[in-house]
Every structure is written in C-alpha cells, then in structure tokens.
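Please read the report below next to the sequence and the structure.

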Amino acid sequence: MTGPETQKPSPDNAQNSGPSNFIEELIEDDLRTGKWDGRVQTRFPPEPNGYLHIGHAKSICLNFGLAEKYGGKCNLRFDDTNPTKEEQEYVDAIRSDVRWLGFGWDDREFFASDYFDQLYQWALQLIRGGMAYVCDLSNDQVREYRGTLTKPGVESPYRNRSIEENLQLFERMRAGEFPDGSRTLRAKIDMASPNLNMRDPVLYRILHAHHHRSGDKWCIYPMYDFTHGQSDSIERITHSICTLEFENHRPLYDWFCDTLGIYHPQQIEFARLNLTYTMMSKRRLLELVREKKVRGWDDPRMPTIQGIRRRGYTPEAVREFCRRIGVTKFDGVTDIALLEHCLREDLNRRSLRVMGVLRPLRVVIDNYPAGECDHLEAVNNPEDPSAGTRTVPFSRELYIEQDDFREDPPKKYYRLAPGQEVRLRYGYFITCRSVVKDDKGQVVEVHCTYDPATRGGNAPDGRKVKGTIHWVSAEHALPVEVRLYDHLFMKEDPDEVDGAGLDWRSNLNPNSLEVVSPCYVEPSLAGAAPGGHYQFERLGYFNVDKDSTASQLVFNRTVTLKDTWAKIEKRETA
RNA sequence: UGGCCCUUGGUGUAACGGUAGCACGACUGACUCUGGAUCAGUUAGUCUAGGUUCAAAUCCUAGAGGGCCAGCCA
C-alpha cells in the first residue's frame, strides 16, 4: 500500500474552505498573528501498548489532516515511557495502520525514549532549582498524602531535602541502587492545589524493566506528564492536540515548559470518538483478544484498524467518516450507522458486482435442455461503465437464495412463489411450477419453466415482473465460505448492564459471527485476491479474507446492502 | 461536599449579537433488470430561570444535567 507523503502547503485551499472546527479556527488565528512564524507542526503520539482503533483514526486524520491543510508537518511519535507494557509488535502495527489510512511522516518518526537523556538533564535542572525532590514515601503513602478531591494533600516529609542530597539520591536511583517502588522523583508544586495533578506529581519511578528500545540502559523511567510536553517542545510542535481527559493535565504541561524555560507548544483538547455498539478501550480490546472472545486483534469484528481493514473497510471510507463527525469538545456518541453509510457510499462506487448465493436452494428449469449451457452478459459495476462486463454461465440447474422463495408468500413479496414469475438477474424470466419436499416438509427443490424469449432479462412483449433475484449455475458454481458479522455488542452502550454482578462482557453478541458454508458464487470469482472488494448483488459488500486458500475462497461480509424488504417484513411481523 | 470542561432535532455537527442550516437515521413518494444506487419530500432542535441588548443558540449570573480527575498508566 503506497501512502501519499504529507502534502505540500495549501494555504489557499485553507482560505477557500475556511475553518471547519474550533482547532482550525485557532490555527488560522495563529497564522494571522504570526504566533508560530506561520508554522503548523502537529504530532500523532500513540503509546505502543496495543493496536490502533477507529478512535485513533479520528486523531490521525485530525493531526495529519491539519498539517496537510495548513502546509505543515505531522510527526509520528511513539510515547514509550512504560517498558512494562510496550512492545515492538505494536510499533510495527501502528506504522502500518497510519500508512494504510493514507498518511506519511517521511523521516519524522520519533520515540519519547530517544529523549530519555535530555529528560534526565531536565530533571537535574529542576532539582538544582529546588523544584524537585526525591521522595521515600511508598506507593500507598503517596496516595494518603495526596489528599482527596475535597481535602488538600499533606506535604511529604522528604520535601525539603537539600539540593545536594536530592542530587545524590537521584543519581543512586539511576544507578540502580534502590528496588522498584522504593523512591520517586517528584516535582515541588502545591499539595493544596484543587487540581490533583499539581500535588507534587511523580516525575520518575524506579522500574528495573527491559525497554523495547533502550534495553537495560535505564532503571528509572519518566512519567507521561514529565515526558509529553518536553517531547513536544523538542520537536517544536506548535499545536499539541490530545483528548479531553488530559484537560486537567494542561496546567502541569504548562508548568514544566515554563519552569524549565523551554519552547512551549499549546495543548488543545478535543473529544475522543465514541461509537454505538462499540467498545473503544484499549485495555478491554486486549482482554477480548486474551480471553479469546474474538480471533485476534485483526478479527473483523474488532474496531481496530486492522480489524476493520480485514473486514473490508477502505481508508477512504474511514477518512470521510472522520471528516463528517467533526471535532468538538462535546463528549457524545456517534451512531455507527454514519460509519456504515460512509462505507457503503465508497464501496458502492468501487466494488465489482458478482452473484453469490449464501443459503442455496436448488432450482431446476424443467424446459431447459440438460447438458446445455448459455453464457449471459452481466454488468460489472453500474456506477462505473469503464469496469465493463463479464459473462456468467446459465444451465438447467441453479441455486437461488432460500429467502427468495416462499411457498406461502406474504403480501408484497415479489420474489419466487408457486405460480409466480420472476426475473433471474441478467438471465431469463422463470415461473415456479412445483416444489419437492423432504420428510420434514422442507422445500428442497423448486421446479420452474423459463421463457426463452426473455434471454438477458428483457421481455419482448413488454410484460413486467415485480422481482429480480440473483442465482448461480449449480454446475459452474464455486463453493466458498462466507463469514457474516454483526455488532460485537448487543447494546448501543456496552457498559449498560442488565443486572448486578454483570459487566460489559454480558453484552457481547453471541451471534456476532456466523460462518456459512458452502455458499456458491459465480465462477468469475476464481482466483480472487485477498483484500478484494465485491458486491454480492442484493446481499451486501464482501471482502476476500486472507484465510482463503487455493482450494477455497473465504469471504467476510463487510456490510449489508440496505434492505427495504427486511424492514417491511420486520415491521409487519411486529 | 473540590477543581476543570461540556450542553443546538433521535444522533453527529453549523450558525462568531441579526432568517436556526447540513448530514446520518426514521418516514413518504418517484424511478429502477440489485426491494441496491439515485432523486424528491416529510419529521424533528437552541437544558432551565433570570439579566444585558433594538435584537441572544451566541454575552453575563445562577441552577439542572453530563464528562474528567484521588496510577509510581498514557
């Protein structure tokens, strides 16, 4: 997959379209006043402790999109300050996901861990300035001393050590003389601040852990707050965009930049993406994988980039979705129907049409000669004439969808039923004459006659049929496996639980995956490459899964087509 | 009972003191060799109470509702 690099400056473009959210307004103000000398420098700063999901896509589109729109740059920075959770596997996946979405970062790939030396120097500077101290309080004690939301904290008894002692102790922490958790380096700010983040926050903790990049060089690691702003500062970020939960951290972000006297970017917070029927927490997604509730990070039911990609989503659809949801400070919930709308819109434009039968019902055309075969012309994509046409084989025995036949049709059902005539897509008009049932009374075969004059689907006498159904020639059909997906959770809000003692897991949809096999598809699909997008006419969009083998194709149903009939039927039965 | 932030149709958003608009969804209808796509239309909104103003979704005050914060996670 080739991703375009960050695009060339397009300020004129920006002028024309105008700001489309509060962050763009702010940037345009800065551009007008020359606050950053006309620069726009953003960054996307994931922690490599899990796979990226659709929520991250919002942030990626925002940060890289802003850089594109205003002729700036966006860095990819891995925020890797916690060696116990971070792995190379995640770094690789993140790179590939950002590229898949269509963004590039040239050589601007950074790691917070590359700044560890500088961060250490800045810690020394704080100590020398009397703004930081080594604290011997235990984890539990620190919590007690911190106070509560309504009660001010109490100063640590180690708060007023001499600069010399702090320097020595901190050096010994770095040298590995103390066990994990025995000491921390803390900033000396204000234990009575109503903002708990300002109550002498921990800067460094002791962690004798192997880091995925720095190896065993360090046994003390900086905290997020002591790392993020300074990393932004080093990279000369202008607009440091993060999600709402970091709002309370902004005073601390500002305090470090100001106290250290270094370049000071502006932190701006926006609302993260929430989607109905979807769980976005990285921790819980990890649990789904570990507890084998799904088949892996790239399970097509997962909201991960890798999951939706495997499911058959396109980067264009995801980017359009991100454009449409906008950027605000309101923490709302977006209807997943909007995502699916953007998906269908893109897939409708690009997908080749084919015919495939998910739940086969045998049809015999009694007046069609056995052993004969006809080749009928079919349009590949009515939305794109340049996609051309193909030929589909027709013969005496066919498969149609079980749903497309009813022995006792409800009203307004214009598919196949005894005595009723329908059009076979691109084929002939056929009329149902009789049915064959098994011992249980199930219809297992439908006998029809066809009208040879309607070849191609048109009646020379101008008569109309209400229904057109899809089909495949039994003799020529390819048996394939199809995986049908539904929402992973049964409730719009997976956290809304039915009873005491239950958690979000109780809302997992037991029917989120249905494997159907054998299904039959037209022979033109032979050799279809993994990742290919197809529309199975009247059913939905399907994507060739990587589990496909030379002997059997596997399809994921990306999303169904809108189904008016299903809606009508549902309403009538309700 | 602390601090910070937020509140516009069912949902997501626009309106920058001057006609509340767009999209998704839902519902009609037209068209159709996909009950698809497309097209046309309908539905439905400024959290509440005060105040400022000729004029308030917008500014001010109070209230209500919601989110975040008491990791040596990010």
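## Helices α8 and α9

Helix α8 and helix α9 cross in a right-handed way. A crossing is right-handed if the near helix is turned clockwise from the far one by less than a right angle, and left-handed if anticlockwise. Helices here are DSSP runs of H or I with at least four residues, strands are runs of E with at least two, and both are numbered from the N terminus. Two packed helices are described by the angle between their axes and the distance between the axes. For α8 (residues 224–234) and α9 (residues 250–260), the axes come within 9 Å and the angle is roughly 65 degrees. Axes are lines fitted to C-alpha atoms, for helices over the stretch in contact, and angles run from 0 to 180 degrees between N-to-C directions.

From α8, Asp225, Phe226, His228, Gly229, Gln230 and Asp232 meet Leu252, Tyr253, Phe256, Cys257 and Leu260 of α9; contact means heavy atoms within 4.5 Å. Sorted by class, this contact has 6 nonpolar, 3 polar and 2 charged residues. Ala, Val, Leu, Ile, Met, Phe, Trp, Tyr, Cys and Pro count as nonpolar, Asp, Glu, Lys and Arg as charged, and the others, Gly among them, as polar.

## Basis of the model

This is a predicted model, in which local features need pLDDT of at least 70 and side-chain atom pairs count only at pLDDT 80 or more, while totals for chains, interfaces and linings use all residues. Residues are numbered from 1 along each chain as its sequence is written, chains are lettered from A and ligands numbered from 1 in the order in which they are written, and side-chain values use heavy atoms, with hydrogens and water left out.

## Helices α2 and α3

Helix α2 (residues 22–33) packs against helix α3 (residues 54–69) at about 35 degrees, with the axes 12 Å apart. The crossing of α2 and α3 is right-handed. Ile23, Glu24 and Ile27 in α2 touch Leu62, Leu66 and Lys69 in α3. In this contact 4 residues are nonpolar, none are polar and 2 are charged.

## Two arginines

Arginine 159 sits in the loop between α6 and α7 (163–175). Is arginine 159 buried or exposed? Its relative accessible area is 8%, so arginine 159 is buried; buried means under 20%, exposed over 50% and partly exposed in between, with a 1.4 Å probe and protein chains only. The side chain of arginine 159 makes a polar contact of 2.7 Å with the side chain of aspartate 200. A polar atom of the arginine 159 side chain also lies 3.5 Å from the backbone oxygen of isoleucine 189. A polar contact is a pair of N or O atoms within 3.5 Å; within protein, one must be able to donate a hydrogen and the other to accept it, and residues adjacent in sequence count only if both atoms are side-chain atoms.

Arginine 250 belongs to helix α9. Its relative accessible area is 30%, so arginine 250 is partly exposed. Leaving aside neighbours within four places in sequence, arginine 250 contacts Gln267 and Glu269.

## Around RNA strand B

Of the 67 residues around RNA strand B, Glu25, Tyr414, Arg423, Gly456 and Thr564 come nearest; a residue is near a strand if one of its heavy atoms lies within 4 Å of it. By class, this surface has 20 nonpolar, 22 polar and 25 charged residues.

A base nitrogen of RNA strand B is 2.6 Å from a side-chain N or O atom of arginine 415.
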